[in-house]
Amino acid sequence: MKDTTIADKIIVALDVPSQAEAIALIDKLPDVSFWKVGLELFVSCGPEIISILKQRGKRIFLDLKFHDIPNTVAGACRAAAKYNVDLLTIHSTCGKDALKAALVALESGAIAVDKPSPKLIAITLLTSLNSRQLAFELKVPLELPEYALHMALLAKETGLAGAVCSPQEVAQLRMSCGDDFLLVCPGVRPKWAEGGDQRRSMTPKAAINAGADYLVIGRPITASDDPVAAFARICEELG
């Protein structure tokens with residue numbers, strides 16, 4: 001593992017609609033060191049939430065899932081470099097040219113503002129999708145594990161730092177992509193939490209044992225009646 005404490009392996013998703021709700025969660029969970037800012041919150045309040053997290057000394061996973069032509073994703077990554085976040089996402093399905101352009105732009109953007117370059121990681125397949133949807137709705141002829149592996153290898157070959165994948169695929173990706181390739185797993189649900197819209201989930205302990213570097217966990221913590229207790233319970237189960 002790349003982290004030294006159990007709590008550092010958990011990225012808590014700030015999937016709330018407003019800055020006020022985000023701040024309330026951040027203040028309620030001081031032991032959380034790594035937060036995910038996704039589309040809903042970023043569109044709602046913009047980069048100010050990044051500044052708020054930085055002021056509190058938190059690490060940030062900016063999960064905007066860029067997906068566009070090479071020139072556009074390059075511009076987005078160049079602009080995102082100034083936020084000095086730790087992780088940034090792009091869809092592997094952009095293709096190799098776009099992934100390369102995004103990586104180069106992110107690094108040059110970081111140099112321009114004299115800040116460390118965020119680690120660019122690729123979305124393999126959304127965890128809300130299952131094998132049947134991949135085949136019948138998206139018309140992808142590959143089996144789901146093979147498709148996820150192909151998307152991860154595309155990212156690795158292009159020079160990206162890692163990939164986002166379901167915990168159900170993480171063991172295969174770890175074996176094929178090596179120990180230095182960062183694997184971030186959403187779709188993680190404790191046995192005592194509701195599954196929600198995640199189709200390919202696994203318990204936190206099982207996901208870590210399978211080879212995940214980080215676990216992205218949202219509603220089992222943030223929608224709990226007692227988020228502090230829920231976070232502590234997950235940390236205890238991981239220990």
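Mentor: Happy to! Rings of Phe, Tyr and Trp (its six-membered ring) pair if their centres lie within 6.5 Å, with planes under 30 degrees apart counted as stacked, over 60 as edge-to-face and the rest as tilted; by this rule there are 2 aromatic pairs. Take Phe 34 and Tyr 214: their ring centres are 5.3 Å apart and their planes stand at 75°, so this pair is edge-to-face. Phe 34 belongs to strand E2 (residues 34–38) and Tyr 214 to strand E8 (residues 214–217), so the pair links distant parts of the chain, 180 residues apart (helices, H or I, of at least four residues and strands, E, of at least two are DSSP runs numbered from the N terminus). Phe 34 is buried, with a relative accessible area of 0%, and Tyr 214 is buried at 5% (buried means under 20% relative accessible area, exposed over 50%, partly exposed in between, using a 1.4 Å probe and protein chains only).

Now for Phe 42 and Tyr 83: with ring centres 5.9 Å apart and planes at 65°, the pair is edge-to-face. Phe 42 lies in helix H2 (residues 39–45), while Tyr 83 is in the loop between helix H4 (70–80) and strand E4 (87–91), so the pair ties together parts 41 residues apart in sequence. Both Phe 42 and Tyr 83 are buried.

A word on the basis: this is a predicted model, where local features need pLDDT of at least 70, side-chain atom pairs count only at pLDDT 80 or more, and totals for chains, interfaces and linings use all residues. Residues are numbered from 1 along each chain as its sequence is written, and side-chain values use heavy atoms, leaving out hydrogens and water.
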